[in-house]
Amino acid sequence: MSITRDEVAHLARLSRLALTDAELDHFAGQLDQIIGAVARVQEVAAEGIPPMTHAVPVVNVFRDDVEVPCLTPEQALSGAPAAEQGRFRVPRILTED
Amino acid sequence: MAAGDAGTASDLTRLSAAEIAAAVAAGEVSAVEVTQAHLDRIVAVDQDVHAFLHVAGIGALAAAEAVDRKRAAGELLGPLAGVPLALKDVMTTADMPTTCGSKILEGWRPPYDATVTRRLRDAGVVILGKTNMDEFAMGSSTENSAYGPSHNPWDLARIPGGSSGGSSAAVAAYEAPLAIGTDTGGSIRQPAAVCGIVGMKPTYGGSSRYGLVAFASSLDTPGPLARTVLDAALLHEVMSGHDPCDSTSVDAPVPPVVAAARQGDVSGLRVGVVTEFSGGGSQTGVQARFTEAVELLESLGAKVVEVSCPHFTYGLSAYYLIAPSECSSNLARFDAMRYGLRVGDDSTRSADEVMSLTREAGFGPEVKRRIMLGTYALSSGYYDAYYGKAQQVRTLITQDFDAAFEQVDVLVSPTTPTTAFPIGERVDDPMAMYLADLFTIPSDLAGNAAISVPCGLAPEDGLPVGLQIMAPALADDRAYRVGAAVEAALEQRWGGPLLAQARELREQGGETR
Amino acid sequence: MTDLAQLVPYDEALSRYEPVIGLETHVELGTTTKMFCGCPTTFGLEPNSAVCPVCLGLPGSLPVANRAAIEYTIRIGLALNCSVATWCRFARKNYFYPDMPKDFQISQYDEPLCTDGWLDVVVEGRTVRVGIERVHLEEDTGKSLHMGGATGRIHGAEYSLVDYNRAGIPLVEVVTKPVAGTGALAPDVARTYVTELRDLLRSLGVSDVRMEEGSLRCDVNTSLAPHGAAEWGTRTETKNVNSLRSVERAVRFEIERQAAVLDAGQKVVQETRHFHEDNGSTTAGRSKEEAQDYRYFPEPDLVPVAPDRDWVEQIRASLPELPAARRTRLLAEWGLSDLEMTQLQNAGALDLIGATVAAGASAADARKWWMGELARHANATGTELADLPISATEVARVNALVKAGTINDKLARQVLDGVLAGEGDPDAVVAARGLAIVSDDAALTEAVDAAIAASPDIVAKIRDGKTAAVGALVGGVMKATRGRADANRARELILERLS
């Protein structure tokens, strides 16, 4: 077994997914199968092989420190589920950052 | 069909993009007429095909009118001015919703256009609307769309491929001559193959990702779908090029793809058949059509050899670690705080609870699976064995390509192991669904260029088969050159495009035309 | 919510335990635009008016790195004697929080831009070399207002309002290596390190480093181990340390608290603690269910940063004189004592003294005014010396007037009051308030005669030979002239009169 139901529940919590029990059961089986399959990568001998960065390797892509027009506050808030005083209204935050 | 015959509305929808552009530029037909003809076609068939999530009739006609005004004023028009296009709903548009096929973005209006969107508009291309897709580009059939699947015009009971299934179906159904898709594991090429049209995945970074809602950042590549290789090349040129807003975009001139598409000559070209992909892994008819295509290339003067790319078979595993890892991070922003769906905010619940309830309600099962898979692969303790290892395998696959391209100029394989499977067949079996990407994934991992062109119908089911041609990174033109050669030779053999062999779609009102 | 902590008195704690400290400092860079987009970094703008798809993390947006921010970071690293990486990458730090637009922060993980440096700090005559582990670059988050609760803090709030103007502003994180062997000086070392770092950053021109505005933020790590122990103790991280004084108090409190925990035979909990300004204590943050796993991976939307050595050397060549070197030079030039220099530095007055000297005063005189009368004003009004509405040139002028005898020290204070009150420059104030010393004999004679007439008993003493009593009569003259008499001349006149 590659992954247990409890581990899947943990992953769901970490990724902020309030899965139902039925979903947990369903996904646990599927994820177990998938992880078992993708684990094939471990068969590959890769001593000293660098991980891939980009298809066309390039470095130092920068922008100049020059202002560019922003969105208006109306545009910024246009999709907001809730807004107040020009700010995004969000439900109470329990943890300190 | 010559441009001069552009008369009836249904004729206009049968024209290629090149023909439409020429007719509009010559004043033989107005862009408005062309656009209206396509909007009418959408009304006639999209209830069955369901390629579109949003049709922007008014906006499209306004854009068409602008092209007509320019033409009347004697201004120079671009090579695709007045040509209608279907845009995958993963690209942001400031005047149309962008849902990515998900409930979590239902009705979301971005406050900005993607760079690709802007380039199309600047070129006078008429965007008809946004097409259906697997949710957040995860899937090979559009069955993962929260808004229902699209249907293959060849057989409405079958999938049109995915994730750019809506775009592919739209083109195959003559709802638009051009479409934009995005390819991460094969999501342009596979839909093109199963719909019998042309689909190209440019070199990674060839087209800007600014405004492309990210699934897997290091893999996502916007690209063209069309009914001809030339049309695809024309769109490729218009949409591509360096973008300072995208740090990963290629800072080099767009390869000469249009010239290559017009040239279509393969004499002396060295073609490699990927050993690992030409064994018994494919459906019989797919393998048969592929073999014939290779023989065709030889008859056109190409030198064909077998090339082994030993790490390609690990591509699927590497991809299904890298893509979910990046997507688990990319999709974290859908947290109900700034835009999109918000569920469960009853003024007592915490932000975390609202985030979790929203994502539970707003994401479909495939998205949830991949988010969890990605979270797993990146977890401390698992990173080296999964994500880290997968990135090494990716390097090895790239090295396989590099070695292969020392021996040959292009590599070929079938685009996908089977023809279009029935809707519902693989929906409950993720692993079976993932197999559709087997042949396309290596080019996504390595970032090189790859095109799919129709190479016939599988005899057992009469459904289209695609030939995949892979070229080195930045040598996109080479893929077009070979694709054009194959297309010309096969269309001569068939007496016309493959798509002409598809049954006509029933139009609303009951008439078949 | 304060858990009433047991504390062991400081000296006692140190008699048994050895502290090890570490500091993580976040610096908001003073670039014109944000780290990954062209939005302005200006402080105090209307909420959500300095945002774009990138810093708002809208779907489809992509970051592009600000070259100036990279340069500033290299400057900081070089000034801290670090090595600059030849190749490094940004990484994603993944966690969910409403003030994070993407629910991941673009930061650096195992490939920081600068590593392995040091900063010397001097505490009570002793030089402590604080090792610098790393200097890396990341982006700041948005800011939340917590609404509906009693205190405006998170606990008890009903909901929050988020402004993303600050999201994406470049942030440099400077992390020290653990600093051991400082014993009782640990709180002082911590405070002095932050002060030195602040001054260094200010001299580099990379940030306005105002702790009260949040452009310099500090987290302090503290651990204790029994004297002679082989291993270090468990450390706690204290956040919300918003002033230099708080840095010192936080370390001190943690030492006292951890000593009590260890004395009781318990283990110090590895946790994040929150510092309370009002009473100098720390309390445990809400304990999280599980330790955070940030699932770092290299940022795929950005390409690696590989500063070529020419660029690095160019930056190195452009570094200004750093505070330590400057102090050494000024020490020699100004002839002040070590203690006097340290006081000047702690008060952030070096630039002011320098400017006042440049305007003609001696270093000693400049120091007298700035650290005396003007420092008193600053403390009384709760401002920084540099923010007082008086320029170095004006201070030099006041000093010059005293030196010339136009005014005396006492009058000078009134002149300073006038300049600070906005009445004009020193000369204008002297004229308007009539503060010039009266040395005109005619006017003085009048006052002298009046004083003599008013105090016959003192006059008698003087005539008896007790010349010291002249002082009292001079005092009378000063009082009569409201302090403006030339005291020496008055004395002469008195003696003349009585002889």
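Visitor: How many helices and strands does chain B have?

Guide: Chain B has 17 helices and eleven strands. Here helices (H or I, at least four residues) and strands (E, at least two) are DSSP runs, numbered from the N terminus. The model is a predicted one, in which local features need pLDDT of at least 70, side-chain atom pairs count only at pLDDT 80 or more, and totals for chains, interfaces and linings use all residues. Residues are numbered from 1 along each chain as its sequence is written, while chains are lettered from A and ligands numbered from 1 in the order in which they are written.

Start with the overall form of chain B. Its C-alpha trace spans about 65 × 55 × 45 Å along the principal axes. The radius of gyration of chain B is 22 Å, which agrees with a compact globule of 513 residues, for which the value would be near 24 Å. That radius is taken over C-alpha atoms, and the globule rule is 2.2 Å times the number of residues to the power 0.38. Of the 513 residues of chain B, 67% count as buried. A residue is buried if 20 or more other C-beta atoms lie within 10 Å of its own, exposed if 12 or fewer, and partly exposed in between, with C-beta atoms placed from the backbone. Two residues are in contact if their C-beta atoms, placed from the backbone, lie within 7 Å.

Now look inside chain B at strand β6, residues 221-226. This strand is mostly covered, with six of its six residues buried. T221(B), G223(B) and L225(B) point one way from β6(B), P222(B), P224(B) and A226(B) point the other way, and all are buried. Strands of a sheet pair through backbone hydrogen bonds, either parallel or antiparallel. Two strands count as paired if DSSP finds at least two bridges between them. Strand β4(B), residues 178-183, runs antiparallel to β6(B) and is joined to it by six bridges. Within that pairing, T182(B) stands opposite P222(B). Strand β5(B), residues 198-201, is also antiparallel to β6(B), with two bridges between them. There, G199(B) has L225(B) as its bridge partner.

Next comes the nonpolar packing. In soluble globular proteins, nonpolar side chains tend to be buried together. A nonpolar core is a set of buried Ala, Val, Leu, Ile, Met, Phe, Trp, Tyr and Cys residues joined through C-beta atoms within 7 Å. The largest such core has 296 residues, and those with the most contacts inside it are L85(B) and L128(B). Helix α3(B), residues 31-49, gives the largest share of this core, nine residues. Leaving aside neighbours within four places in sequence, the residues in contact with L128(B) include H38(B), L39(B) and I42(B), as well as L85(B). Apart from this core lies another, of 41 residues, among them A349(C) and V415(C).

Finally, chain B meets its neighbours. On one side, 60 residues of chain B are in contact with 43 residues of chain A. The elements of chain A that give two or more residues to this contact are α1 (5-14), α2 (21-38) and β3 (87-91). Of these, α2(A) gives the largest share, eight residues. By class, the side of chain A that touches chain B has 31 nonpolar, eight polar and four charged residues. Ala, Val, Leu, Ile, Met, Phe, Trp, Tyr, Cys and Pro count as nonpolar, Asp, Glu, Lys and Arg as charged, and the others, Gly among them, as polar.

Chain A has three helices and three strands, in the pattern α-α-β-α-β-β along the sequence. Its radius of gyration is 22 Å, well over the 13 Å that the globule rule gives for 97 residues, so chain A is more spread out than a compact globule. Buried residues make up 33% of the 97 residues in chain A.

Chain C also touches chain B, in a contact that takes 24 residues from chain C and 32 residues from chain B. The chain C side of that contact has 15 nonpolar, three polar and six charged residues.
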